[in-house]
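Please have a look at the structure below.

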Amino acid sequence: MKGTLYGFCRLLLEGVHLRRTLNPGWMAAAFVDYFGVSCRPTMEELSLLLRRAGFGHVTGRHLESMKGIHYSAPGGGHHIHYRKDLWAGARDCTVLHEVYEIVHEALFDLYGSSYSTRKICDDGDRFAAAVLMQPGVFMAMARASGLDVLTLQRMYRCSYASVAMRLAEVVRHPPLMVVLYESTERGDPAGWTGPPSLRATVVKRTRGMGTPDSPALSGETGDVPRWGRPPSPRSLADVAMRRGGTQYVNQDGHAVVARPVLWKGRLAKVVVIAVPERESSILDLQVMSARAPGLSRRRSAAGGW
């Protein structure tokens, strides 16, 4: 049973309450250790591991309305399918999401409880992110990059949203706030019309950050970023969205950097990182690596944005 799905589930249940076992970060660490998963596993590695461990066979399929699916196979194990047209990062996350659901189901079968789907989608995404962005190496890379979500996204081949959330989960010093604004448009940017329209899809703060009151974050309305809302007028994210180029300010108690992300020449996202002003040096590498003609440090005579 060693090195198998049910061996892993038995290990998880030894002296541990099921609620803790289902914590996606805790389970991901156990999964990586038990199966000897590499620092950034490839799809080839994952497919081989999952087949040998009895999770099932991984294949790409034409799926219309979902990224992935799994179902029981007649001879045991599961068929795990991901949508064939997914880019590599989304594909890897999707397969690991299905792995979390399979473990979830197996644990409840062993535990003798009824199967529950509460929070399973969010937890599956967090599990996948934790396996692909393991805390030790991810922490080192995050600090070495200057908390640069754009660099980490390219390095780990995960979505911007996954990287942003993982940054808030892993980094404990310095305190930080990460905000990801994403376009409300869908599909190929060639078909996008009108001016950019962005909404916050990730808004996370770590302990010690408090409620930032910097105008660079709150703009002229004074409202801190909130999920589902556009950038506040005259906030740094708003300036990055309207004028382009990386924007940076270090004042009013906080250092804040806002970086636009283009997709096929169209504005697709804006990433905002804020740290206490006393910790501003950690952003230096990110700001310097992004320095280009579009980079600016603007401050009005009144100190507003």
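Seven residues line the largest cavity: D125, R126, A129, S162, M165, R166 and E169. Helix 6 and helix 9 are the elements that give two or more residues to this lining. The model is a predicted one.

**The largest cavity**

- The largest cavity has a volume of about 60 Å³.
- Which helix gives the most to its lining? Helix 9 does, with 4 residues.
- By class, the lining of the largest cavity holds 4 charged residues, 2 nonpolar and 1 polar.
- The count of cavities of 30 Å³ or more comes to 2.

**The second largest cavity**

- The second largest cavity holds about 40 Å³ of space.
- Its lining is made by S183, E185, W192, G194, P195, P196, S197, R266 and L267.
- Sorted by class, the lining of the second largest cavity has 4 nonpolar residues, 3 polar and 2 charged.

**The largest pocket**

- How much space lies in the largest pocket? The volume is about 1,600 Å³.
- The lining of the largest pocket counts 49 residues.
- Nearest the centre of the pocket lie K67, S159, Y160, A161 and E182.
- Three helices each supply at least two lining residues: helix 5 (88-111), helix 6 (120-132) and helix 9 (160-170).
- Four strands also supply at least two each: strand 4 (177-183), strand 5 (198-205), strand 7 (254-263) and strand 8 (266-276).
- Helix 5 gives the most to the lining of the largest pocket, with 7 residues.
- The lining of the largest pocket divides into 19 charged, 18 nonpolar and 12 polar residues.

**Helix 8 against helix 9**

- Two packed helices are described by the angle between their axes and the distance between the axes.
- Helix 8 covers residues 149-156, and its axis comes within 9 Å of the axis of helix 9.
- The two axes cross at roughly 115°.
- Angles of 65 to 115 degrees count as roughly perpendicular, so helix 8 and helix 9 are roughly perpendicular to each other.
- Is the crossing of helix 8 and helix 9 left-handed or right-handed? The crossing is right-handed.
- On the helix 8 side, the contact is made by V149, L150, L152 and Q153.
- On the helix 9 side, Y160, V163 and L167 meet them.
- The contact of helix 8 with helix 9 has 6 nonpolar residues, 1 polar and no charged.

**Helix 1 against helix 3**

- Helix 1 spans residues 5-13, and helix 3 spans residues 24-35.
- Their axes come within 11 Å and cross at roughly 130°.
- That angle makes helix 1 oblique to helix 3.
- Helix 1 passes helix 3 in a right-handed crossing.
- Which residues of helix 1 meet helix 3? They are G7, F8, L11 and L12.
- Their partners in helix 3 are W26, M27, A30, F31, Y34 and F35.
- By class, the contact of helix 1 with helix 3 has 9 nonpolar residues, 1 polar and no charged.

**Residues and elements to find again**

- Y160 is among the residues nearest the centre of the largest pocket, and Y160 also meets helix 8 from helix 9.
- Helix 9 gives at least two residues to the lining of the largest pocket, and helix 9 gives 4 to the lining of the largest cavity.

Definitions and conventions
Residues are numbered from 1 along each chain as its sequence is written. This is a predicted model: local features need pLDDT of at least 70, side-chain atom pairs count only at pLDDT 80 or more; totals for chains, interfaces and linings use all residues. Side-chain values use heavy atoms; hydrogens and water are left out. Axes are lines fitted to C-alpha atoms, for helices over the stretch in contact, and angles run from 0 to 180 degrees between N-to-C directions. Angles under 35 degrees count as roughly parallel, over 145 as roughly antiparallel, 65 to 115 as roughly perpendicular and the rest as oblique. A crossing is left-handed if the near helix is turned anticlockwise from the far one by less than a right angle, and right-handed if clockwise. Contact means heavy atoms within 4.5 Å. Ala, Val, Leu, Ile, Met, Phe, Trp, Tyr, Cys and Pro count as nonpolar, Asp, Glu, Lys and Arg as charged, and the others, Gly among them, as polar. On a 1 Å grid over the protein atoms alone, a cavity is a set of points where a 1.4 Å probe fits but cannot get out, and a pocket is an open set with protein on both sides within 12 Å along at least five of seven lines; lining residues have an atom within 4 Å of a point. Grid points are joined across faces, edges and corners, and a volume is the space filled by probe spheres set on the points.
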